[in-house]
Amino acid sequence: MKKFPKYMYIVNYPTPEEELCNLEMKVVFGKELKEKMLFSDIEFNPSNSPFIKTRLEIIYEKDSVEEILEEIIKDKTVYNNFKLEYVRLNNENNISYDERLAIIKNISNNIQGCHNFKNPEFSFGITKVENKWLFGIDNKNDYKWHSHDNKPCSYSNSLGVKVAKAVVNIANGGSKDKTIIDPCCGVGTTLVEALDAGYLIEGYEINKQIAKNANTNLEFYGFNPIVVNDDMHNIKKSYDSSIVDIPYGLFSHITVDEQRKIIETARRISRRIVLISFENHDLILEQSGFKIQHRCIVPKGKFKRFIVVAE
Ligand SMILES: C[S@@+](CC[C@H](N)C(=O)[O-])C[C@H]1O[C@@H](n2cnc3c(N)ncnc32)[C@H](O)[C@@H]1O
């Protein structure tokens, strides 16, 4: 009998980002991580997450390596340029290097086709979880998004790329159909990550030079310069979610009343908000008609960044 869903996801994070990772997984998969691992029938591209290291699409689930081998021998498909790796788990249950090597050799020798470790067309993975052997297609995070760390136009108030990637997933739960607005988009950090993942997002920025810089950044990565240089309070459309990285008193002159107006406008234009702030704005969120669903804290130097999801 089948025990596992279709996909196994392996994640990793530095300790300060644990809460952010847990929140991303909870919103995208509706599940909690267990030993930095998660099983789901939801297909999610690992490269769209800052935390997912790899996704194993399970083809065979068996009690022994020999039974996996039997299935592979039965499969007469030719996989030219394939690679097989042992998928290491984040717990103590990994088998020794010698055992892993022996299994890889044995199975690889029975897959039809030729190996190619450098440029594989097919990447397979095998691992052992809870006394079951799993074999499948190994889809790793390509980490190409690290190139977004070097935008032509930077901004001291920008979000980091990892936080931006996580908040776009938190905003739409990984859905390609839901619309997102970043109404105070700065130099477009969330826009680059959302567009890169194929999400529907628009951005507004009140400051002319910053809006221009955001569009320069978008074009640099091959996206259309979609940032509108206008006050978010003039937005007429409605969106499924807003990502509001609120301008804060720490770096820019903004009053609590202006912050309240930003949250109120976010309520008018979006059903759901992901609010990013350096202060607790729970009361304003609730007074604006939002109900808080999830929250997490991400340390930023001496400060704490609050990330709150409300609907
Ligand atoms: C904290 S920064 C956003 C940074 C952005 N997340 C990034 O990574 O680049 C807030 C931005 O909101 C803009 N802003 C402030 N009030 C605004 C308004 N009423 N409408 C649109 N943008 C506004 C500011 O100019 C500032 O660039």
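**The ligand and its surroundings**

A: A backbone N or O atom of Val 187 lies 3.0 Å from an oxygen atom of the ligand. That is a polar contact (a pair of N or O atoms within 3.5 Å; within protein, one must be able to donate a hydrogen and the other to accept it, and residues adjacent in sequence count only if both atoms are side-chain atoms). This is a predicted model, where local features need pLDDT of at least 70, side-chain atom pairs count only at pLDDT 80 or more, and totals for chains, interfaces and linings use all residues. Residues are numbered from 1 along each chain as its sequence is written, and side-chain values use heavy atoms, with hydrogens and water left out.

Glu 205 puts a polar side-chain atom 2.6 Å from a ligand oxygen. Asp 231 has a polar side-chain atom 3.0 Å from a ligand nitrogen. Alone, the ligand exposes 610 Å², and the protein buries 92% of that (accessible areas by the Shrake-Rupley method, 1.4 Å probe; for residues, only the protein chains shown count as cover).

In total, 22 residues surround the ligand (a heavy atom within 4 Å). The closest are Tyr 155, Thr 189, Glu 205, Met 232 and Asp 245.

The chain divides into domain 1 (7-140) and domain 2 (147-310), with bounds from an automatic or database domain assignment. Their C-alpha centres lie 34 Å apart. Domain 1 gives 16 residues to the contact and domain 2 gives 20 (heavy atoms within 4.5 Å).

Together the domains bury about 1500 Å², 67% of it on carbon and sulfur atoms (accessible area, 1.4 Å probe, lost on being put together, summed over both). Leu 20, Leu 23 and Asn 48 supply 37% of the area that domain 1 buries against domain 2, more than any other three residues.

One salt bridge is counted between the domains (a side-chain nitrogen of Lys or Arg within 4 Å of a carboxyl oxygen of Asp or Glu). Glu 17 and Lys 162 meet through their side chains in a salt bridge at 2.7 Å, N to O.

Conventions: Buried area = accessible area lost by both parts, 1.4 Å probe.
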